[in-house]
Amino acid sequence: MIRIENVSLAIGKAEILKSVELTIPKGGITALVGPNGAGKSTLLSLIARLQPLQHGSISIDGLPVGTTSGRELAKVLAILRQDTATASRLRVRELVGFGRFPHHRGRLTATDEKLIDEALAGFDLNDLASRFIDTLSGGQRQRAMVAMTFCQGTDYLLLDEPLNNLDMFYARQLMQTLRRIADEHGRTIVIVIHDINQAAAYADRIIAMKDGRIIAAGAPEDVLKTDVLQAVFGYAMPVHEAEGMRVALHFCR
């Protein structure tokens, strides 16, 4: 599990996170939702130690994030950032293979090659495997980046807005793939996502943030309520049942 205790962070006089207390259980999909500037991506970056903790503590399966070696941490969690840059002349297979680096340290084994093959197939990338990254569309590149993160083989996957650049078909396909990964591979996936309905359809739990604080946390049916969503997003949106799930009509006037 990921345990976050009394975590605060400020940049200058701006408070980004304010005394966040949160436990994310092992297994399944946890979605972080909230308006821009809520602190979702910052919290994810602190869990992955992309920036240092200022106050409080974070541990993953008992490993303190602040003091665990980078190599050991890379075997426990993988993160896909919003702003990940890649070398343009890499081929897709090479990019996905970089996910195995914490394990092979530059010497690919037969096991690594097998896992790369599985990641390419699992994310519908076989036809793109030999293509250079700079020849891909934004959505194709995004799928390759998620495949690389998965290929790292960690128990925990942290994904910061992985639906960016994906059309409706591939957004749905990616969320279905993540659901399968969580169910069949026992992975724990923490995803920052703006589409509240995608979160409700595929996540086991939703953490709603605003202004650096946790406003609500629980199963989708506990968070997808008009009063809760108004407290998070600042306006009342109707919530209806459709196909056995709750749907927020956030686009209504």
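Visitor: What pLDDT does the protein average?

Guide: This is a predicted model, and the protein averages a pLDDT of 91. At least 70 is the score of 96% of the residues.

Visitor: And where is confidence lowest, and where highest?

Guide: The lowest confidence falls in helix H4, residues 101-104, with a mean of 75. Strand S3, residues 28-33, has the highest, at 98.

Visitor: Turning to helix H6, how many residues has it, and what span does it reach?

Guide: Helix H6 covers residues 138-151, which makes 14 residues. From its first C-alpha to its last it reaches 20 Å, close to the 20 Å expected.

Visitor: Is H6 mostly covered or mostly uncovered?

Guide: H6 is mostly covered, with eleven of its 14 residues buried. Among them are Gly-139, Arg-143, Met-148 and Phe-150.

Visitor: What covers those buried residues?

Guide: The cover includes strands S6 (77-80) and S7 (156-160), together with helices H3 (92-98), H5 (110-122) and H7 (168-185).

Visitor: Which residue with a positive phi follows H6?

Guide: That residue is Gly-153, with a phi near 75°.

Visitor: A new topic: what volume has the largest pocket?

Guide: The largest pocket has a volume of about 360 Å³. It is lined by 19 residues, and the closest to its centre are Leu-50, Leu-77, Ile-79, Arg-81 and Gln-152.

Terms used. Residues numbered from 1 in each chain as written. Predicted model: local features only at pLDDT ≥ 70, side-chain atom pairs only at ≥ 80, totals over all residues. Heavy atoms only, no water. Helix = DSSP H or I, 4+ residues; strand = E, 2+ residues; numbered from the N terminus. Expected span 1.5 Å × (residues − 1). Buried < 20%, exposed > 50% of the residue type's maximum accessible area, 1.4 Å probe, protein only. Contact = heavy atoms within 4.5 Å. pLDDT = per-residue confidence, 0-100. 1 Å grid on protein atoms, 1.4 Å probe; cavity = no way out; pocket = protein on both sides within 12 Å on 5 of 7 lines; lining within 4 Å. Points joined across faces, edges and corners; volume = space filled by probe spheres on them.
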